[in-house]
Each structure stands twice: as structure tokens, then as C-alpha cells.
Amino acid sequence: MSNENKSIHEFDFNLICEYFSGVERQGPGSPEVTVKALSFTDKLTSESRSADIGCGTGGQTMVLAQHTPGHIKGIDLFPGFIDRFNFNAGKLNLQDRIKGIVGSMDNLSFQDEELDLIWSEGAIYNIGFERGLNEWRKFLKTGGYIAISEASWFTEERPSEIDEFWQNAYPEIDTIPNKVAQVQKAGYIPVATFILPENCWTEHFYAPQVKAQEAFLKKYAGNKTAEEFIASERHGAQLYYKYKAYYGYVFYIGKKI
Ligand code: SAH
């Protein structure tokens with residue numbers, strides 16, 4: 001990569017990070033949904049070890065920590081998110097039990113069978129659902145749980161506009177039964193599957209972005225990269241409102257066999 005390209009790449013990276021650092025969540029979800037997914041797993045103890053992979057600024061990690069004993073490590077590639085994560089943990093007085101660490105989900109440093117629970121909301125797409133399920137399995141104890149939210153089709157067929165959008169954004173998007181079969185094939189009992197309610201997108205994900213987008217465009221007025229980035233975020237939101245009958249996020253909870 002030339003230096004010129006590299007600096008553009010780094011600028012994009014920082015820009016996107018700055019934008020998402022200022023909002024409640026970096027993907028669709030809600031505290032209620034995190035607690036619901038947790039209800040399908042066995043109770044943890046103060047000795048339990050969990051990981052939240054692709055934790056972002058830790059919205060869901062804080063909820064998990066408030067509903068479970070034990071220690072949780074949050075892992076994210078963006079240092080800016082991890083700074084915010086650890087700051088938020090301190091504010092909630094959770095810093096002794098949860099810790100944010102910069103790292104990549106394709107190169108995790110856990111020991112084999114170290115973890116009782118692996119959590120990942122709206123993030124596994126970065127390495128792919130099947131790959132993540134397979135690669136992360138070794139870090140779980142037998143009988144431990146994995147809980148993952150993932151974009152999924154609700155129908156066998158759908159309008160070409162939304163189909164093309166997703167084939168371009170994340171071709172591994174698939175129907176719920178196909179995803180459940182992948183959970184089983186990767187060596188977990190598929191213990192529960194449920195669709196995230198619409199308010200996880202509208203109220204908790206898109207609504208907080210409206211103000212953030214206006215402020216961001218003001219700050220970066222005339223900056224083409226910033227303008228294009230916001231335009232693509234808005235396009236994604238418009239497509240959701242238009243086609244939400246065809247896709248959404250689904251929580252998959254599996255127990256390691
Ligand atoms: N779980 C959070 C964030 C979801 S957004 C929430 O639901 O709000 C996806 C997250 O994955 C982002 O924070 C992004 O920085 C992170 N990410 C992307 N690639 C990654 C990688 N290779 N390893 C770890 N985290 C990654």
C-alpha cells in the first residue's frame with residue numbers, strides 16, 4: 001500500500017471511530033435483548049470468565065456485567081472504542097470485573113477452554129459467522145455458551161434492491177434455519193434463536209445517529225470522505241425502514257458440546 005493510500009485509510013478509520021464513539025451503540029441491539037439472550041445460558045459464578053468480542057464502546061458489556069458475576073474481557077480492534085469502554089466501566093464502578101483490550105477477533109489470546117461464555121453482538125461478520133463459530137469454539141469450556149447476534153434473512157426470497165445491498169455488504173447473510181444449521185455443524189447445541197425487535201434498530205441504533213450525523217457534517221463541512229460516509233449510513237437506514245420485513249438481526253445462542 002502506498003503512503004498516500006495508507007493515510008487515506010487511516011483517516012477513514014479515525015473518522016468512523018470518532019463518529020461511532022459518540023453514539024450509544026455501534027450496532028443494533030438493546031439492554032432488554034442482551035438480558036433476554038443471557039437468560040438462555042446457565043448462571044455464571046464469581047469465578048466465571050467471559051469474553052465480549054467486537055465489544056465496541058461496551059454498551060452490551062456493561063449490561064452483561066450488571067447481570068452476571070465473574071470477569072468479562074471486551075475485545076475490539078479500535079483503540080478509541082476501548083478507551084471509551086474502560087472509561088465507561090470506571091464510571092459504573094465495574095473496572096474490577098470488566099476490562100477492554102485492543103485486539104483482533106481473528107487472533108485472540110485466550111487459552112483453550114478458558115471461557116464460560118463468549119458474547120458478540122453485531123460484530124462476528126467482520127470475520128464471518130461460520131469462521132467465528134469454528135475458531136472461537138476452542139476457547140470455550142465444554143458446556144459453555146456462545147451468544148451471537150447476526151444479520152439474517154427472514155424470507156427465502158426478497159426484492160433485488162435489498163438482496164444486492166447485502167450481497168455487497170455481507171454475502172454470508174443467510175436465512176435463520178441455515179444459520180442454525182451452521183451453529184450445530186460448528187459443534188454447539190442451538191439452544192435458542194430469536195429476532196431482535198425493531199426498536200433495536202430504530203430507537204437504539206438509528207435514532208441516536210440522527211443528531212450525531214448533523215453535528216458530524218457541521219464539524220467536517222466540505223470534507224468529501226465525511227459526507228460520503230454519512231450518506232452511506234443514511235442510505236443503510238433508509239433501506240432498513242423500506243425492507244425490514246425481509247431482514248434483521250437474530251440472536252443465536254449455542255452450548256458447546
Ligand atoms: N458489539 C457492539 C459493536 C458492534 S459494531 C455493539 O453491538 O454496539 C462491530 C464492532 O466490531 C466495532 O466496534 C468494530 O471496531 C469491531 N471490529 C471490527 N473488526 C474487528 C476485528 N477484526 N477484531 C475485533 N473487533 C473488530
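Which pocket is the space taken by the ligand?

Tutor: The model is predicted, and in it the ligand takes up the space of the largest pocket. The shell around the ligand consists of 18 residues, and the closest of them are Arg25, Gly54, Asp76, Met105 and Glu121. Sorted by type, that shell holds 6 nonpolar, 9 polar and 3 charged residues.

On the oxygen side, one oxygen atom of the ligand lies 3.0 Å from a backbone N or O atom of Gln26. For nitrogen, there is a distance of 2.9 Å between a nitrogen atom of the ligand and a polar backbone atom of Glu121. The side chain of Ser104 also takes part, with an N or O atom 3.0 Å from a nitrogen atom of the ligand. As for cover, the ligand on its own exposes 570 Å², and 92% of that is buried by the protein.

A disulfide is a covalent bond between the sulfur atoms of two cysteines. With a cut-off of 2.5 Å between the sulfur atoms, the count of disulfides in the model is 0. Cys17 is in no disulfide, and the nearest cysteine sulfur, which belongs to Cys55, is 12 Å away. Cys17 counts as buried because its relative accessibility is 9%, with the limit for that label set at under 20%. Cys200 is likewise in no disulfide; its nearest cysteine sulfur is that of Cys55, at 18 Å. Cys200 has a relative accessibility of 0%, so Cys200 counts as buried.

Definitions and conventions: Residues are numbered from 1 along each chain as its sequence is written. This is a predicted model: local features need pLDDT of at least 70, side-chain atom pairs count only at pLDDT 80 or more; totals for chains, interfaces and linings use all residues. Side-chain values use heavy atoms; hydrogens and water are left out. A residue is near a molecule or strand if one of its heavy atoms lies within 4 Å of it. A polar contact is a pair of N or O atoms within 3.5 Å; within protein, one must be able to donate a hydrogen and the other to accept it, and residues adjacent in sequence count only if both atoms are side-chain atoms. Accessible areas come from the Shrake-Rupley method with a 1.4 Å probe; for residues, only the protein chains shown count as cover. On a 1 Å grid over the protein atoms alone, a cavity is a set of points where a 1.4 Å probe fits but cannot get out, and a pocket is an open set with protein on both sides within 12 Å along at least five of seven lines; lining residues have an atom within 4 Å of a point. A molecule sits in a cavity or pocket if more than half of its atoms lie within 2 Å of its grid points. Ala, Val, Leu, Ile, Met, Phe, Trp, Tyr, Cys and Pro count as nonpolar, Asp, Glu, Lys and Arg as charged, and the others, Gly among them, as polar. Buried means under 20% relative accessible area, exposed over 50%, partly exposed in between (1.4 Å probe, protein chains only).
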